[in-house]
Structures are given as C-alpha cells and as structure tokens.
Amino acid sequence: MAWEENKVMQSYGSLLLVILLLPCGLMNVILTVNNNTQDFVLQTTPGTAESLKCTVQNHSQEEELLWYREDGTVDLKKENKINSSDICIYPVREDDNGITFTCTLQRNESVNISVILNVTYEPILSGRDLQTAKEGSNIKLKCNVKANPQAQMTWYKNDSVLTLEKDHHQIYQTSELFQLSISKVLKSDNGTYSCHANSPLKLETKDFHLIIEEKKNIVPTEAIIAAVVVVTCTILFGLIARREKIMKLCIKDKKAQSDTSL
C-alpha cells in the first residue's frame, strides 16, 4: 500500500515538474522583428516596399509563427512559418497609415511583437469643382482632405482669406472633411473659393467655383386665374345689365313712336 502511494506521489511530482518547467521555457523565448525586441513604429511613405522579418530567439524546439494584420491573419507558406517568418508590404498606401502588424508564437499568442505603420504623405484634396445655387438658398462646399501629418486648413475666396460672417458662414471640420456652409446665399457670394491644406510636407489647394443664380419672380398662377375670372364675370354681368337697360330704352322709343303716329 505504501509502495502504491509512493508511485502516485512520484507521478504527481513529475507532472508538477513539467508544468513548472514549461513556463520557464516559454519565458526564455523572445521574438524580434527587424532586430527590435519591443513594439515599434515603422516610418514609411506611399509607394515603397517594407519587409518585416520575425525571428524566434532562445528557442529549444521548432516554433511556428503567425502574422496578423489588425485582427486578420496573414497567409503564409509552410516554409515561412518555422522559427523565422518574413512578410512584405508592397506597395505601401496612404490607407495603411496606423495599421498594426503583429507576429506571435502559434502555441502561445501571448508571446508577440507588433509594428505600427506611420505612413507620411502630402495632403490629398477632392470635392465638386463647380456648384450653382439660387439666391436665398443654402449651399455647402465640401473639401475632402487626407494628410499625414495633419494639415492646417483655411478657406479663401478670390485669393484672399475668407472673412467669416456670423449667421452667414459656418465651418465644420473633421480629420477628413473641411466644409464651408453658406446660409441664404447672396449675389455677392458668387466667386471662386479655395480650400488650403498647409502641412509640413507641402501646401496643397483646391478651387471650388460657386455661381449664384438670380432669384426668379414666381408668377402667382392661381391668383391670376382668379383675377381673370372675377374680371370676366364683372364684364359679363355689366354687359347683361347694360343689355337689359338698352332693351328697355328701345321698347320706350317704339312705344313713343306708336303714340305719335296715332
């Protein structure tokens, strides 16, 4: 009986030793990306190619690696997964700015290292070049902007900084939109408006041509029809009344002529 208890204790001891040694083995494993041992930011520009090389250090066995682009996995060939793994980002695009690539151990994803792309590029502006509006209406000039680093935005009119008038002009701005709203446009609002994006890399501008059409006088058709009906009826009633009066005069004249002839 004592022998059986001793055997059970040895089994538990062996299992406990394995459990204790396993984390120690993982703690010695280190991942590097492009020789960096900690998360880092990679400075890059659009159109370039960037290579990321993830390597397992201090491993005692073959380790399989995984790559993530944000929350999605990156497809890797089998031979590009064991102990070392390379991925290439080409071409780098403006939309890659802020994207995170993460290399992890397949058997324990808590061991990982991440790379954040910082894609710097000149301001890119877009929007409707030509807009028309009628006097008294409201109009919005939308300047779509993309830039890294962030650009300082300003509206110009006819090559001069636009003077904002209270209750007439309003500016709305986000990281990707610089919008000018004009309430109850006037003929004087006609002209060329320019969206200026001033970044440390470049000053970029885009023109918006605004044409104000004169407000046409709307003819009150219903009122005119009603007036015509009233006038027509008045004329008709007048003619009828005059006709009765004329007929009475004619009857009197005929009677007078008859009396004279007798």
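How much accessible surface does the protein chain have, and what percentage of it belongs to carbon and sulfur atoms? The accessible surface comes to about 18,300 Å², and 54% of this belongs to carbon and sulfur atoms, with areas taken from the Shrake-Rupley method with a 1.4 Å probe. The model shown is predicted, so that local features need pLDDT of at least 70 and side-chain atom pairs count only at pLDDT 80 or more, while totals for chains, interfaces and linings use all residues. Residues are numbered from 1 along each chain as its sequence is written, and side-chain values use heavy atoms, without hydrogens and water.

**View 1. The strands and helices of the protein chain.** The chain has two helices and 17 strands, which are DSSP runs of at least four residues for helices and at least two for strands. Of its 262 residues, 29% count as buried, meaning under 20% relative accessible area.

**View 2. The pair Trp-155 and Phe-178.** The ring centres lie 5.6 Å apart and the planes meet at 15°, so the pair is stacked (centres within 6.5 Å, planes under 30 degrees apart). Because Trp-155 lies in strand E12 (residues 152–157) and Phe-178 in strand E15 (residues 177–182), the pair ties together parts that are 23 residues apart in sequence. Trp-155 is buried, with a relative accessible area of 2%, and Phe-178 is buried as well, at 3%.

**View 3. The surroundings of Phe-208.** Phe-208 forms one aromatic cluster with Trp-155 and Phe-178. Lys-206 lies over the face of Phe-208, at 5.7 Å from the ring centre (for Lys, NZ within 6 Å of the centre and within 35 degrees of the ring normal).

Terms used:
Buried < 20%, exposed > 50% of the residue type's maximum accessible area, 1.4 Å probe, protein only. Phe/Tyr/Trp six-rings, centres within 6.5 Å; stacked < 30°, edge-to-face > 60°.
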